[in-house]
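Me: I would like to learn how to read helix packing and chain contacts. Could you walk me through a case?

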Amino acid sequence: MRIKTIVLPSIISLFLSGCMDIEPTVLNEINIATAVSYDYIDKDHFTSTAVIPYYMPDKKVNNVTFTATSSLSKDVRQKMNQQTDKPIYSGKIEVILYSTELAKHDLTRMTDTLIRDPSIGNTVYLAIVDGKAEEVLTKQFGNVDKGTYLSNAIEHNIQSGILPKTNLHLFSYAQNAEGMDPFLPIIKPKNGNPIITGVALFNQGEFVYQTKEHENVIFKMLVEQSSNKEGFSTKLGEKLFASVYNISSKVSYNIPEPMTNSPIIINLNIEAVLREFTGEKVDKKEIRKIEKKMENVLKKRAEKLIVKLQKLDVDPLGVGEQVRTRTRSWDKKEWEKLYPNIPFQVNVKLNILESGAVE
Amino acid sequence: MINKNEQISPFLVFFLVLKVQIGVGVLGFQRLIIKSAGNDAWIAVIAAGLLFSIIIWCMFTLLNSQKQDLMGIHTQLFGKVLGGFLNMIWITYWLLMGIAVYRAYVEVVQAWMFPQINVMTFSIVFALLIYYTVSGGFQVLTGICFLGVIIPSYLILTIFFPLEYTDFRNLLPVWNHSYKEIALATRDMSLSYMGFSTLLMFYPLIKHQKKANKWAQLANILSLLSYLLLTIVSIGFYSENQISRYVWATLSFWSIVEVPFIERFEYIGIATWVIFILPNICLFIWAATKGTSILFKVEPNRISILFLVILIVMSIALKDRETINTFQDYMSYVGFILYTVYIPILLCLSYIMSKIRKKTHEN
Amino acid sequence: MKKFPFQKSNQSQTPQFNEAIQQLKESKDFTSFMFGLERDTLCISYFTTLIDTDILHRDLLPYLNKSSSTLENAVQALPIENLLFTQKPDDMQNHLLIGYISITMEGKDDQAVLIKADSQKSRTVSLPEVEFSVIGPKESLVESLDTNLNLIRKRLPIQELKVEELIVGKLSKSRVAVLHIDGICDKKNVSTVIQRITNLDVNQIIDSSYISQMITDKKNSPFPQFIDTERPDRLAAVLGEGKLVILVDGAPHGLIGPATLVEFFTASEDYFLNWTMASFFRLVRFFAVLFSILITPIYVAILTYHYELLPKNLINTLVISRSGIPFPPILEALVLELVIELLREAGARLPTKVGQTIGIVGGIVIGTASVEAGLTSNVLLIIVALSALASFTTPVYQMGNTIRLIRFPFLLMAYYIGILGVAISFCFMLIHLLRITTLGRPYLEPLYPPKLHSLKDSLIRLPFSFLSKRPAPKHKD
């Protein structure tokens, strides 16, 4: 007993005298990168730019960027560290941007390092920049740090805008899933201000197509159960417009004969609220008319989009997954052969619940 | 013989069994079973659970008929020399299991938190913690098992966060794999359920031993349910190829969890895991210590110090992931045989022996 | 331990009463005089400083039979209820020392009468200061054991309330009373406590806290194992729950044992309030304690190692608050924690009025100045102050001290292995708590071993209708 009381403290003091060998990362003695961009140089090299916010005591934020060129992203960090006063850490990266050119040359290699690194969270946003990715990061705007600004921008567009849910995890999910292709938001810098313009579609890791403005809403509806504040408008007749925003939309698949050339039916149920109407009076009949008209427009848009996707041979909607979960011993190769030629039929059902505060 | 104060009430067996069944394996068992059984992995989880329900029943039948711990059964059935040898096998198994669990945890710490951590100093700290628990006696051990279930139970709430990204269609089509694949997954899954063999040692310390079976079965069912829940959510959350790349799938979906005051929940999870696995390791070390002290009649505290030194040395020696994996695979293989082959055989033997003894008694 | 030779010198031979009185006469405040009608037959002796002279003059002297020849006859007419006859001079000395008057008879040196006449000079019963509650009884214990016993007996007028009295301390000869209710309290506990108290080999017992430290199961544990209270109503209440109570003469505190961890977080006010509020306040207290222990170490761990854990909006605030501070977070935290301890200690040593000033000076002036000077970050200042505040929410004073003490090992571990260190120290604390027993009972009861029927009055307090059964049956067999 006596021995124990002497030995224990001495052992404790021995090992606690600082040989745990952990590298401390004291908050104000490191540089925390919040956003990183990658630009294409040639097949093996890329330029990487990191944004590091410097918080000023007067609550202002200075975004400082560091750029380096290399062939490995960890190597890049080394080169950036040579330029800074404090070591750069990547644990709080919010957004990672890739230029379209880089994205055209397989992103798989780039995302692999992100998944492997446990300090990078699964909820990081990936995005494609239409043009040079560096441009989005180098220009100072507003009084916030760049990473937070971009991630907030993407986040609110997911919650109530045109973007379907996206992040590193979902990207890797789609990349690895057998019957699905990933997509990422696409950003276009305009005078340095980033504008989210649509969705970039990938074939596995390669960027192939950028959605047009009129495709965005229907794309989101087809990808997931969504609610959307943006809404959509239609021309009902001459000088007669109606605009609604959907409260909720639900997509369901009806595949009577999977893995054959028979048609796949996609049912889209939308509940919406009338927001704008240039006609004179809204009554039941009128609403029915608007519903019908809009259903037709949406159906056409959806079918057109799907045909386009088939032509590009990408499957961001995950139709392959729908078929796979309906077939035993599914064969990926066979499906890839089938996919471009399957006829799709989209049934849209629009239900206008409210017509606003007036009749 | 046994002090009444040392004994525990039978319902605490529930926590003892539950605690050893849900251990470090929870962090990454999904990869193993999904590799072979894909979206049908959940069937393997149920199958393995039911298998172990039978084994628990076997153990209790054996113990209830013999009314003593494994050490005693061995010496009674096989005599001093052979029995002693078999005892040594079990003692080694428990000790190595303790080390395997501990090393697996250190590996998680190394991979996620502190890649440069000095394994030796960390092991010394942890060994002190284990010694402090084990030397407190079985009551303290049961206590830490109990708290080790209660305190980290808040983690179950985190299962709601990944649901947002979960697609349960992935479970379809049901039974898309061959029996062989599912059997393979069941074997892989059984590693996660193992650990309650320490029951063979603490059986005499239970107050109303006959009632304990019920609680052990209940614990087995609860761990089955929690594994099932985790498996189903994981199947929905990850695509099949994706999960095969994640060594610690549970940790990866904790990084989805975000609350206003904390992000990157996996770090909190790893810290909480200390309380989660400490009882596990302690129980194994305790069983090995107890066995040895009965076998060689040495003071238990000295043996536990020796074992802890072995634990420290072994965890330094097991350096890279490959050796750790080989070690763990080997352990799970040995464990599987011990549980599914050895225990039933022992049960049969003890049954036959008791019959023979009865006959000779009658004659 | 020093032996006091004069203690046992009398036992070798049996000196006569005369000699015993002569011995005591060496003290200036000892009086002994002869009293009698014809010849001075009766010898009356006492300590003038210990007795109430009123009793001597009013009740004793007028009624003595001055002409009798035997001691029995002489004291026959005394209007005093119990007269002690003793044959042992030793006994007489001891009684004289606690305020008795002795009467012996000249020539008959074999017997003495002892009459209790001690002066009850003590404080009157006043308001509880440490455990003040807005509602509920407002009496508190005083230094006199008899008054204290009276306060408790008044609340429990039953014959089952048993009081055992022991004398402890070679110098102080303190009266220690062990109270329990027969049939509710575990007999084993009573005998253990009495055994432990009788076994004590000490010179002085100044306060009940001496006893509580000396008879605990784990003497090295920072966790108190007896509840210290100044409220007689609380004592009476726990007696009914099967606890035993130790009172020491001269101490305005009673000890309650066996005390489990959760009982240190119950205040008597919990029973005066509606159960919803009482439960809420109890949960607040538990939360406050956890907060108080963990928040500073977690802050140190996160700032030193785990910046990833911080939400993006918080990083901003923290970086600004820490910018320009020349010390690592652990040093900053340790210094601030020590400053808080300093303030508390200074406040406790000074008279109330000055103490308040110290609080204000420390809290506002030093705090603001150190933040402005760039020595500490204001976020940490808030955290440390809050955790100190939280530690004061415990109703039992000792527990608050414990909580403030165990924060330091947590802090150091947080600095060494980050958040893992916090978890490991938490485990150490849990195991320590599991290892503690109070009078042989697990300290964590009813949390572990879990007792469902006792949980009704532990972390929360259910309505009285649920509590009709006692928290735990204390009868064994």
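Reply: Gladly! Axes are lines fitted to C-alpha atoms, for helices over the stretch in contact, and angles run from 0 to 180 degrees between N-to-C directions. Helices themselves are DSSP runs (H or I, at least four residues), numbered from the N terminus. This is a predicted model, in which local features need pLDDT of at least 70, side-chain atom pairs count only at pLDDT 80 or more, and totals for chains, interfaces and linings use all residues. Residues are numbered from 1 along each chain as its sequence is written, while chains are lettered from A and ligands numbered from 1 in the order in which they are written.

Me: At what angle do the axes of helix α13 (residues 329-349) of chain C and helix α14 (residues 352-372) of chain C cross?

Reply: They cross at roughly 160 degrees and come within 8 Å. Angles under 35 degrees count as roughly parallel, over 145 as roughly antiparallel, 65 to 115 as roughly perpendicular and the rest as oblique. So α13(C) is roughly antiparallel to α14(C).

Me: Which residues of α13(C) and α14(C) make the contact?

Reply: Two residues are in contact if their C-beta atoms, placed from the backbone, lie within 7 Å. Here α13(C) supplies C:Val339, C:Leu343, C:Ala346 and C:Gly347, and α14(C) supplies C:Gly355, C:Ile358, C:Gly359, C:Gly362 and C:Ile366.

Me: And how many residues does each chain give where chain C meets chain A?

Reply: Chain C gives 18 residues and chain A gives 17. On the chain C side, α12(C) has the largest share, seven residues. For chain C with chain B, the contact takes 20 residues from chain C and 25 from chain B.

Definitions and conventions: Helices (H or I, at least four residues) and strands (E, at least two) are DSSP runs, numbered from the N terminus.
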